[in-house]
Structure formats: C-alpha cells, structure tokens
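This briefing reviews a structure for a reader with a computational interest.

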Amino acid sequence: MLNHPPAVFSNNRWQTEWIGFLTLFHKEVARFVRVAAQTLFSPLINALLYLIVFGLSFSALLKTQQGFTYLEFLIPGLAAMAALNNSLQNSSSSVMVSKFHGDLQDIRLIPLSSTAIAAAYTLASIFRGVIVGMLVLILGEFVFYFKTGNSIQILHPGELFVFLILGGAIFGNLGTWTGFICKTFDQIHAVTNFVVLPLIYLGGVFFSIKIFHPVVQQISAFNPLLYLINGIRWSILGVSDIPIGFCLSLSLVFVAISCVIAWYSVRFGSYQRF
Amino acid sequence: MSENTSALLIENLCIGYPQKGGLKTAVDQLSLEIKPGEFFALLGPNGAGKTSIISAITGLVNFQAGKISVFGFPAASREAKFLVGLVPQELVSHGFFSVNEILQFTSGYYGIRNNQKQIDELLERLQLVAYRDKQVSHLSGGLKRRVLIAKALLHSPRILLLDEPSAGVDVELRTILWNFVRELNSAGTTIVLTTHYLEEAQRLCRRAAILDKGTLLALDETGSLIASMAERVVHLTLRNFRVPPTGKIHNPDLLFFSQDGDHVKVIVTGSVSINKVLQLLHIPLENVTDIRTEEGDLENAFLKLLKKGIAKSA
C-alpha cells in the first residue's frame with residue numbers, strides 16, 4: 001500500500017471522471033433508497049390523501065375538466081407534482097444534510113469536475129422523481145379502478161418518460177442550486193414554501209390553467225411546472241392547455257438554463273458546514 | 001512532475017474572510033517551501049491561520065493573493081487533488097453509510113474501482129476492522145478520526161495534510177496514528193502537520209513553521225528553533241567558589257543566575273554551551289563537582305516566539 005502510486009498516474013482523465021460520476025450517482029441513489037419510507041413511500045401517502053379528499057370526495061361537486069372527470073384529470077397532475085417535488089427534494093436535501101454532517105467538503109476535495117458532480121446529483125434526482133411519479137400513477141390507477149371499475153389508458157408512454165425525465169432534470173438542478181446556496185434548513189424550507197408551493201398550485205396540478213384569472217395565466221407562462229404538468233397530462237390523457245410541441249421545446253430550454261445554474265452552484269456554491 | 005519539485009510551495013499567500021466593513025485577514029503574505037519527503041509542522045495558537053492555509057491548499061477556501069503549488073501543480077487543480085490527502089480537524093458523520101461503504105465511495109471519487117484490498121489494509125492498520133459495517137455516525141470521536149485518516153489515504157497521496165489529528169483523541173489512537181504516519185513518511189509521503197501538542201511536533205517533525213495571527217514568526221529545523229529560541233537551565237555544584245554578584249555580569253545569552261550554597265542555577269539561551277556558561281560566570285573547571293542540564297523544548301521556543309510577536313505588534 002505504501003508504494004501504491006497515486007491514482008492520477010494509473011487512470012486516464014475520462015475514465016476517472018466516469019468512475020467518479022457513477023460512484024456519486026450510486027451514493028445518491030443509495031442514500032434515498034436507504035430511507036425509502038421517507039423518500040419513496042411518504043409521497044404516496046400524500047398523494048393518497050389528495051386522491052381521497054379531492055379526487056373521491058369533491059369529484060362529484062367539481063366540474064369536469066377538459067372532458068374528463070375530476071379524478072381522471074387529477075391523477076396525472078398528482079403524478080407530475082410528486083415526481084417534480086421529489087426530484088427537487090432529492091438533490092436539495094442531499095446537499096443540505098451533507099453540509100450538516102460535514103461531508104460535503106469531500107466533494108470539494110475530490111478530483112471530479114463540477115459538471116460530473118452536478119450531473120450525478122441531477123441523474124439521481126431524475127431517478128427518484130421517475131420512481132415516485134410512477135408509483136403515484138399506479139396508486140391513482142388503483143383509486144380510479146376502485147371508483148369506476150375502469151383503468152386510465154396511458155396514451156403516450158414514451159413521451160410520459162420524456163417529460164418525467166425533463167422535469168426531474170429541471171427540478172433536480174434547482175434542488176442542487178438551493179442546496180448549495182442555502183446555509184440553514186430554514187432557508188431551504190423558505191424556498192419550498194415561497195417558491196415551489198406557489199409554482200405547484202399555479203402550474204395546473206389541480207385545475208386547468210384556463211380557469212385562472214388572465215393575469216395569473218400570464219404569470220404562469222413563466223412557470224416551468226406548467227409545461228411539464230401539461231406534458232405529463234397530455235402523455236396520459238391526450239389533453240393539454242398548451243400545444244405539446246411548445247411544452248417540449250420550453251421544457252428543453254428550462255433544462256438547459258437549470259443545468260447552467262446547477263453547474264454554477266456546484267462550482268461556486270457554499271460547502272461550509274453549519 | 002520532477003522529483004526536485006517542491007512538494008508544497010506557498011508564495012505571498014493572503015487569505016481573508018468577509019466580515020462587516022471588509023476582509024478579516026487570516027493569513028498575511030506567507031511564503032514557505034516544503035520538500036518532498038519532509039515531515040513538517042505548522043504551529044501556532046488558535047486563530048494563527050493554520051487551518052486556513054490547509055484549506056487553501058485543498059481548495060476549501062479561496063485566497064485573495066499569492067500562489068500555492070503542489071508538486072508543481074496549482075492548488076486545487078485536478079492533478080493537485082490527486083496528490084493531496086486531507087485529514088480535517090472537524091469530525092464528519094456521513095449519514096446512513098457504513099465505514100466500508102464510505103471508503104468504497106471515496107475510492108470511486110478518485111476513479112479507483114475495486115479498491116477493497118487497499119481499504120482492507122487501511123482498516124487493518126487503523127484497527128477499524130471490527131467497525132467496518134458500522135454506520136460512521138454511530139462511532140466514537142476517536143474511531144471517526146481513524147475513518148478520516150483512512151479516507152485521506154485511499155488514493156495513496158504524495159502529501160498528507162493532518163489538521164490537528166490528535167486533538168481530543170486517546171493515547172492508543174495517538175500511538176497508532178504516529179506509528180503509521182512515520183511509516184508513511186519513511187516510504188516517501190510528505191507530511192504536513194498542524195498540532196497544539198508541541199511535543200509531538202518536536203518528536204516527529206524535522207522542520208517547523210511558527211505562525212501567529214496569520215504571520216510567519218519563524219521557519220527552521222525543529223532542533224535549530226529550540227536551540228535558538230528555547231532556554232537551557234544549567235545546575236552546577238561547586239566546591240569552594242562563589243560566582244560574582246548578578247549586577248557585575250552582563251551578557252544577552254545569560255538570562256538568569258543565582259547561587260544557593262554550593263548550588264548555582266543558570267538560565268541561558270538554548271544555543272549556549274556549558275563551556276560558555278562557565279566562562280561567563282568565571283568558574284574554573286576544577287571547582288565544578290557536578291553539572292546537570294534541563295534542555296528547553298519546542299514549547300519553550302514557541303512561547304518565546306509568541307511573546308516576541310506580541311511585543312513587536314504592540
């Protein structure tokens with residue numbers, strides 16, 4: 001061991017970078033799997049409550065949305081919300097908890113590029129987001145079957161995965177950004193409560209955006225969630241408030257912007273313990 | 001990377017931390033060079049700037065001015081990160097992962113796949129085998145410290161930075177740690193140590209830098225520092241001789257002397273020989289029946305330098 005040459009001389013740059021990236025991705029996935037009750041199953045309870053309270057109980061009182069019963073309309077929205085919210089939480093809580101434990105500094109010491117680090121956090125966030133989104137969708141199918149005896153047909157399964165992945169990337173990147181800029185848990189809760197929650201409620205999870213006041217509709221045009229939720233709802237039900245090509249294009253733009261933000265926060269953000 | 005390149009070269013380093021009204025200086029115009037294979041100590045009281053220097057070398061803090069190179073590579077560059085291993089001062093918990101998992105992840109971050117042999121060897125050397133499957137967060141402070149040492153050595157760094165590694169750890173760990181570090185040093189690893197335990201630095205390090213408030217007070221071989229700055233106490237037993245009264249002898253190396261019967265106690269600077277002591281006090285050798293000396297240590301030199309530094313800044 002004592003005469004073992006440093007790794008720099010035994011691996012080429014890209015191989016080292018690739019192994020480092022895979023290791024960090026593996027660690028990030030292992031982290032949320034280790035606490036699956038909190039990270040995978042708790043969002044299901046949340047979704048189930050929404051389905052029972054809004055989907056089942058209020059369904060009869062609420063108008064149909066875009067030709068679908070309220071429960072049918074709600075299920076894709078909840079799946080989208082759960083996927084995006086969990087993608088955000090995965091990277092933000094990983095970075096914050098690492099700051100708390102003091103091991104985030106390890107990331108600063110290792111010879112892994114900021115691009116690889118940001119990409120590993122994002123990919124793990126996408127992974128969790130897609131799993132949680134699909135679990136909520138399956139739960140929704142059960143509830144729908146229980147209520148109607150029918151199941152919801154997923155019209156565009158390939159596109160569903162594309163939108164879940166794009167959404168996971170955007171919100172995973174935003175989670176990385178919040179993790180690196182926030183210095184306390186209070187700050188991260190503030191981001192969740194004052195930024196993410198309004199985006200969710202004004203992004204078309206529970207209602208079609210067309211029922212909102214025109215001013216709110218205009219503001220919502222800047223909300224990336226709107227395009228992702230509509231993309232996911234279109235993939236499942238075939239309806240969207242916004243043309244699907246526009247949803248896809250804007251989502252790609254948001255992915256590009258969020259990637260730059262995540263890279264910048266990894267490169268220049270705070271690694272200090274608190 | 002030439003073998004003649006300095007292991008660590010710091011030139012005019014300035015580190016400051018933002019605070020109200022500007023930057024608070026932590027390190028001011030520091031320059032020093034550490035050769036490959038050296039065992040070097042960075043000494044100083046709290047707030048001297050030791051951890052700031054270590055953090056700047058590893059890229060954990062940004063510095064405002066100056067240059068740091070590690071075996072010729074800029075500090076915190078990809079190459080430098082491969083060459084440096086850091087044992088930080090503060091203990092780390094690592095959430096839900098076991099010791100072995102953390103060591104595997106850390107190996108992977110350095111691009112090393114299947115590093116279990118190296119991990120097993122380090123676990124063995126640091127007596128962590130029994131704890132390999134335990135969560136790091138459940139370990140005691142001393143065991144966490146060992147995990148940090150193992151993590152720092154996984155990629156076989158050429159320079160090992162030990163930031164207060166023995167702070168708050170028991171004698172057993174210190175023995176394990178120092179034996180291991182000495183062995184690494186013998187095999188060619190450059191060691192940079194910051195410590196509050198000056199006897200450790202005196203025992204282990206060939207050279208030392210003494211810092212205070214971010215300024216370099218002294219940089220020399222440990223032995224020379226002691227010789228030039230520490231005090232030496234000489235006890236003489238004389239036969240039929242009285243030394244001259246204190247007011248009659250003036251020499252900057254002679255700090256104190258007194259006679260009580262046949263016994264004379266003399267305090268001189270560390271570089272003064274016994275022969276010189278006898279000359280200064282005009283004591284003929286035939287009147288000396290016994291000589292006993294108490295050598296000054298690094299702590300003595302350290303305190304003297306700090307006092308000098310305070311006096312200078314006052």
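Two residues are in contact if their C-beta atoms, placed from the backbone, lie within 7 Å. In that sense Leu43(B) touches Leu198(B), Ala201(B), Ala208(B), Ala209(B), Ile210(B), Leu211(B) and Phe302(B), with residues up to four places away in sequence left out of the count. The model is predicted.

**Nonpolar cores**

- The largest nonpolar core has 156 residues, and those touching the most other members are Leu78(A), Leu43(B), Ile57(B), Ala150(B), Leu161(B) and Val192(B).
- Helix α5 of chain A, residues 114–148, gives the most to this core, contributing 17 residues.
- A second, separate core has 8 residues, among them Val266(B), Val268(B), Val272(B) and Val277(B).
- In soluble globular proteins, nonpolar side chains tend to be buried together.

**Architecture of chain A**

- Chain A contains 10 helices and 0 strands.
- Its radius of gyration is 20 Å, close to the 19 Å that the globule rule gives for 274 residues, so chain A is as compact as a globular protein of that length.
- The C-alpha trace of chain A spans about 75 × 40 × 35 Å along its principal axes.
- Of the 274 residues in chain A, 47% are buried.
- Among contacts in chain A with a separation of 6 or more, 81% are between residues 24 or more positions apart.
- Helix α5(A) comprises 35 residues and reaches 50 Å from its first C-alpha to its last, close to the 51 Å expected at 1.5 Å a residue.
- Just after α5(A), Gly149(A) adopts a positive phi of about 80°.

**Contact between chains A and B**

- The contact draws 33 residues from chain B and 32 residues from chain A.
- On the side of chain B that touches chain A, the elements giving two or more residues are α2 (78–83), α3 (99–109), α4 (116–125) and α6 (171–186) of chain B.
- The largest share of that side, 5 residues, comes from α2(B).
- By class, the side of chain B that touches chain A has 14 nonpolar, 11 polar and 8 charged residues.

- Within β7(B), Leu161(B) is the bridge partner of Leu86(B). Leu161(B) is also one of the residues that touch the most other members of the largest nonpolar core.

- Most residues other than glycine have a negative phi.
- Asn240(B), although not a glycine, has a positive phi of about 55°.
- Asn240(B) is placed in the loop between β11 (231–238) and β12 (254–260) of chain B, and is exposed, with 8 other C-beta atoms within 10 Å.
- His282(B), likewise a residue other than glycine, has a positive phi near 55°.
- The loop between α9 (274–280) and β14 (288–294) of chain B holds His282(B), which counts as exposed with 11 C-beta neighbours inside 10 Å.

Key:
Residues numbered from 1 in each chain as written. Chains lettered and ligands numbered in written order. Predicted model: local features only at pLDDT ≥ 70, side-chain atom pairs only at ≥ 80, totals over all residues. Core = buried A, V, L, I, M, F, W, Y, C linked by C-beta atoms within 7 Å. Buried ≥ 20, exposed ≤ 12 C-beta atoms within 10 Å, placed from the backbone. Helix = DSSP H or I, 4+ residues; strand = E, 2+ residues; numbered from the N terminus. Rg over C-alpha atoms; globule rule 2.2 N^0.38 Å. Expected span 1.5 Å × (residues − 1). Nonpolar A, V, L, I, M, F, W, Y, C, P; charged D, E, K, R; others polar. Pairing = 2+ DSSP bridges.
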